[in-house]
There are 2 protein chains.
Amino acid sequence: MTAGLTDSLLIVGSVAFDSIETPNGSVDNALGGSATYSSFAASFFGPPRLVGVIGADFPDEHRRLLADSGVDIKGLVTKPGQTFRWKGRYHQDMNTRDTLEVHLNVFAEFDPVLPPHYRDSTHVFLANGVPGLQAKVLDQVRHPKLVMADTMDLWIENQRKDLLALLPRLDGLLLNDSEAHLLSGEDNLVRAGLAVLRMGPKFVILKKGEHGAMLFSGDGVYVMPAFPTETVVDPTGAGDSFAGGILGYLSSDGSPPPGRLRRAMAYGTIVASFTFEDFGLDRLRRTTRSEIDARLDKYRHMLSF
Amino acid sequence: MTAGLTDSLLIVGSVAFDSIETPNGSVDNALGGSATYSSFAASFFGPPRLVGVIGADFPDEHRRLLADSGVDIKGLVTKPGQTFRWKGRYHQDMNTRDTLEVHLNVFAEFDPVLPPHYRDSTHVFLANGVPGLQAKVLDQVRHPKLVMADTMDLWIENQRKDLLALLPRLDGLLLNDSEAHLLSGEDNLVRAGLAVLRMGPKFVILKKGEHGAMLFSGDGVYVMPAFPTETVVDPTGAGDSFAGGILGYLSSDGSPPPGRLRRAMAYGTIVASFTFEDFGLDRLRRTTRSEIDARLDKYRHMLSF
């Protein structure tokens, strides 16, 4: 799990147009998707390799935006048809949302084939997707050092067998609190996380939104609060930014293991805290690595007593 | 806010018999109440002075239990009639509960008069109660160095004027997330905490149950997760144990301010984590200061990265 000079991060997931309504404003067809957010978040630590699918309607300007952030987009395939579109509305408290529209479009036929130079990637993030497809991506990576996957309630309920087959192949599984309850049948969050850990992954990261995250591994249970912020403009992509920050950090840092995963989670927490502060990628685009490091220092101080 | 050799902690609140049902078991007429839990929690750091009222049915064995823990019970007044009784049932997730029965009994006429030697107390915890009564207690303390009060939705809704008059007299206000929303009208927790801070107290501690707590003060915003535990037998009294741990620590520690309030909250968090682990006071009764310190070290390690 240490990072070397030739370490490289592969990210596989969705690239989408998001239309978002919040109590404070709205945005139409903003660049989004799990692979987009996690790649952007990871790019602060090193250049990630993105695998995704887009339609003929995907503008060059978005392609450039990704490339200019250092994201390798040779794995971003264009197919005839339209790009994945999602529309959602956040409730007053900003913690819950309703999905108003989903048009999978070209994402419905997503069958990721890694470009040859991607197959040597050492770190892999399988963003939320069909577990069978996540496994198929993994089959194409020669010698992964660290693989982390995200999942969701839909797969826990409808693709449970494939998901359970995938878990022992993972280093880390990322899921939120309600998904952990659903997967484990346990009400208590600590029991739920430990039960998921026994299903095969080397570590489990349980996301609790505004309440932070928990880490379960052979080293025990750790908790990490979210970075407290007054400015919550748009929570879309925060979970994927968290994941991208974690993997970006892990693939760029060669320090010894004790505490490294927690440090990665702290970086993920901070990158996610910027994502919140404006619509879509707008805040993340304006963020610098030194801004991230400064907020990380503030966060570390906040947790010392 | 520093503690001296003659510092002493006054705790005013309820002493009750609790009947508790949880998914894992139940208990009838266990010794409880806000003043009981917070006094027990504080007693690990020094002998607190308790003010409360009980009925003729209060057994000597409970009085001894308190006194044996170092609690000064000269302010525990016996009145004709029955002791305050509460009955509640926890839901499956242990985070929410229904109140099934409340019999205020002698607590309905609670009109605390401090024994003379209590009036020089330097630290004061006004457990949840009618704000007008909390103010009346405060009037009787000569030169308090640090006063913290708890409150609840009932007073925010029905005794708002008295509560707002009390706030500028407080050093700290303790309230939970839904109460902070109710008092401030703000949805975002950080904004809610800051809005309550502007109402007059020097600091605000916002309790989030299993998700920990936040601190708002002139030094900014701090977050602190709960100590993660698999063993949640009975959450009753956890909030009051948290408060008692905070005040107990503050009245016993003379170290300089930066970080002292956070350290106090960490101690409160740890004492509360023991309260959870058995019914009523059962786990707290078996807890030692060295157990608390060992868990605090574990918690500190958990939060470093």
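Predicted model: local features only at pLDDT ≥ 70, side-chain atom pairs only at ≥ 80, totals over all residues.
## How the two chains are related

Two copies of a chain are related by a rotation about an axis and a shift along it. Here, chain B is superposed on chain A by a rotation of 180° with 0.0 Å of shift along the axis, and the RMSD is 0.0 Å. The copies are thus related as by a two-fold rotation axis.

The contact surface can be described in a similar way. Of the interface residues of chain B, 100% are also interface residues in chain A, so the copies meet through the same surface.

## A:His211 and the other chain

The relative accessibility of A:His211 is 15%. Buried means under 20%, so A:His211 counts as buried.

The contacts of A:His211 include residues of both chains. Apart from neighbours within four places in sequence, A:His211 is in contact with A:Met224, A:Pro225 and A:Ala226, and also with B:Lys208 and B:His211. With B:Lys208 there is a polar contact between the two side chains, at 3.2 Å.

## A:Gly212 in the loop

A:Gly212 is also found in the loop between E11 and E12 of chain A. Its relative accessible area is 8%, and A:Gly212 is buried. Not counting residues up to four places away in sequence, A:Gly212 touches A:Leu206, A:Lys207, A:Met224, A:Pro225 and A:Ala226.

A:Tyr118 gives a reference point elsewhere in the chain. A:Gly212 and A:Tyr118 are 94 residues apart in sequence, and their C-alpha atoms are 32 Å apart in space.

## The cavity

Rolling a probe the size of a water molecule over the atoms shows where empty space is left. In this model the count comes to one cavity of 30 Å³ or more. About 30 Å³ of space lies in the largest cavity.

Residues of both chains line the largest cavity. From chain A these are A:Lys208, A:His211, A:Ala213, A:Val223, A:Met224 and A:Pro225; from chain B they are B:His211 and B:Pro225.

## Helix H7 of chain A

Helix H7 (residues 189-197) of chain A is mostly covered, with eight of its nine residues buried. Among the buried residues of H7(A) are A:Leu189, A:Val190, A:Gly193 and A:Leu197. The cover over the buried residues of H7(A) includes strand E10 (172-176), helix H6 (177-184), E11, E12 and strand E13 (220-224) of chain A.

At the start of H7(A), a side-chain oxygen of A:Asn188 comes to within 2.9 Å of the backbone nitrogen of A:Val190.

## Helix H8 of chain A

Helix H8 of chain A covers residues 238-250, which is 13 residues. From its first C-alpha to its last it reaches 18 Å, close to the 18 Å expected at 1.5 Å a residue.

Of the 13 residues of H8(A), 12 are buried, so the helix is largely enclosed by the rest of the structure. The buried residues of H8(A) include A:Ala238, A:Asp240, A:Phe242, A:Ile246, A:Tyr249 and A:Leu250.

## An exposed residue in chain B

B:Asn158 is found in helix H4 (residues 153-158) of chain B. B:Asn158 has a relative accessible area of 53% and is exposed. B:Asn158 and B:Gly185 are 27 residues apart in sequence, and 16 Å apart in space from C-alpha to C-alpha.

Conventions. Residues numbered from 1 in each chain as written. Chains lettered and ligands numbered in written order. Heavy atoms only, no water. Buried < 20%, exposed > 50% of the residue type's maximum accessible area, 1.4 Å probe, protein only. Polar contact = N/O pair within 3.5 Å; in protein donor to acceptor, adjacent residues only side chain to side chain. Contact = heavy atoms within 4.5 Å. Helix = DSSP H or I, 4+ residues; strand = E, 2+ residues; numbered from the N terminus. Expected span 1.5 Å × (residues − 1). Least-squares fit on C-alpha atoms with pLDDT ≥ 70 in both. 1 Å grid on protein atoms, 1.4 Å probe; cavity = no way out; pocket = protein on both sides within 12 Å on 5 of 7 lines; lining within 4 Å. Points joined across faces, edges and corners; volume = space filled by probe spheres on them.
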